[in-house]
Amino acid sequence: KLTVEDVDVKGKKVLVRCDFNVPLDADGNITDENRIVGALPTIKYLIDNGARVILCSHMGKPKGEPVPSLSLAPVAKSLSEKLGKEVVFAADDNVVGDNAKKAVAEMNDGDVVLLQNTRYRKEETKNEEAFSKELASLADLFVNDAFGTAHRAHCSNVGVSSILKPAVAGYLIEKEINFLGNAVNNPVRPLVAILGGSKVSSKISVIENLLKKVDKLIIGGGMAYTFFAAQGKTTGTSLLEPDYIDYAKKMLDEAGDKLLLPVDTVVAKEFANDAESQVVEGNIPDGWMGLDIGPKTIELYKDALKDAKTVVWNGPMGVFEMPNFAKGTNTIAQALADLDATTIIGGGDSVAAVNQAGLGDKMSHISTGGGASMEFLEGKELPGIAALTDK
Ligand code: 3PG
């Protein structure tokens, strides 16, 4: 794909799709700026090269209504601080309205404007051409740097790409594709993947695709208990997806010793940090639920990781939000931090876990994609990237 360096941007109006879908607290403060920080290299490059930078993004799911709590105003403020220059916020409820048109008309080279939440328009998630055309009418060319949204085919990524040519990739998309792409398609081996989180059902395609690529696949989190059931173990009151037990059996048969499962479990009487708990090996007794991997499993997994040269991690090993059940996740995070390897953290909860452990800057790459990085690991083509102009 063409990238931002392949086009002349001087004096051009450049529409840039970012993923500024960042978490906000009840007062509207941004609680994790990873996605904003990730977007800065492209924005700075465009400013430094004299482009007129028109930024756009969605936030949350306002379903075509101008929901005030999902305004991008806090993002404009954060960007202004980080760039050390004013980012003009065009607060149109219809996104491409009078404020946006006026702000763009008044731009000088190097100026930055941010449009309102693209999902204030109901056309956005339906990829309806009329809204794509409105967005495209503001600019001369299009840069997509929203990796986190690349698994969606919406107006502000796929729609505008078919109208505003060339449509090129920004640095963040390039970086994400390099890290995740090399990890699964061209890894320095051994390649170890760690998958956790609560549901097998949501990770089936990832497990299938990764089993073809990895040297080892480590399983933790709630999804492990469906595999326990497949092994014929009892699971007590642990999370279980009965409909997926046969599937888990099939995967166990196919994977052989590539697939590592917990050998012991921290179990509790109820889902609470101060619940009565113990460590059990093998079967989980009646009335107990698994909430973290046990100490023997931690040692087993650390051993499996020790020679790894590439590690991809998605999903926590236990209920890391509860300090009494965070040890598995934290210890694995520390093990990754200590490795002399390329370590890639893909999406959502595992990113939160690594940051909670204070180890974010010890990882080679923290993906800004949740769903997008999952679909990438599933081996799917991401429509937001496919729509960009080929080199
Ligand atoms: C994400 O947070 O995964 C992206 O911003 C996409 O958001 P969505 O799941 O609401 O489309």
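Hi everyone. Let me start with one cut-off: a residue is called exposed when its relative accessible area is over 50%, buried when that area is under 20%, and partly exposed in between. With that in hand, take Asp246: its relative accessible area is 58%, so Asp246 is exposed. Please keep in mind that what you see above is a predicted model.

Let's stay with Asp246 for a moment. What does Asp246 form with Lys249? The two make a salt bridge, and their closest N and O atoms are 3.8 Å apart. Both residues belong to helix H9, which covers residues 245–255. They are 3 residues apart there, so about one helical turn separates them. Lys249 has a relative accessible area of 38%, so this residue is partly exposed.

How many salt bridges does the structure hold? The total is 20. Among them is the one between Glu106 and Lys102, where the closest N and O atoms are 3.4 Å apart. Lys102 is at 53% relative accessibility, and because the cut-off for exposed is over 50%, Lys102 counts as exposed.

Here is another one to find on your screens: Lys306 and Asp303. Their side chains meet in a salt bridge at 3.0 Å, N to O. Is Asp303 exposed or partly exposed? With 44% relative accessibility, Asp303 counts as partly exposed.

Now, on to the ligand. Which residues surround the ligand? Going around, you will meet Asp19, Asn21, Arg35, His58, Lys61, Arg119, Gly148 and Arg152. If we sort this shell by residue type, we get 5 charged residues, 3 polar ones and no nonpolar ones.

Three of these neighbours are worth a look for their side chains. In Asn21, an N or O atom of the side chain is 2.9 Å from an oxygen atom of the ligand. For Arg119, the corresponding distance from a side-chain N or O atom to a ligand oxygen is 2.8 Å. And for Arg152, a ligand oxygen is 2.6 Å from a side-chain N or O atom. How much of the ligand does the protein bury? Taken alone, the ligand exposes 310 Å², and the protein buries 84% of that.

So, to recap for anyone new to this model: we have seen 20 salt bridges, and a ligand whose shell includes 5 charged residues.

Terms used: Residues are numbered from 1 along each chain as its sequence is written. This is a predicted model: local features need pLDDT of at least 70, side-chain atom pairs count only at pLDDT 80 or more; totals for chains, interfaces and linings use all residues. Side-chain values use heavy atoms; hydrogens and water are left out. A salt bridge is a side-chain nitrogen of Lys or Arg within 4 Å of a carboxyl oxygen of Asp or Glu. Buried means under 20% relative accessible area, exposed over 50%, partly exposed in between (1.4 Å probe, protein chains only). Helices (H or I, at least four residues) and strands (E, at least two) are DSSP runs, numbered from the N terminus. A residue is near a molecule or strand if one of its heavy atoms lies within 4 Å of it. A polar contact is a pair of N or O atoms within 3.5 Å; within protein, one must be able to donate a hydrogen and the other to accept it, and residues adjacent in sequence count only if both atoms are side-chain atoms. Accessible areas come from the Shrake-Rupley method with a 1.4 Å probe; for residues, only the protein chains shown count as cover. Ala, Val, Leu, Ile, Met, Phe, Trp, Tyr, Cys and Pro count as nonpolar, Asp, Glu, Lys and Arg as charged, and the others, Gly among them, as polar.
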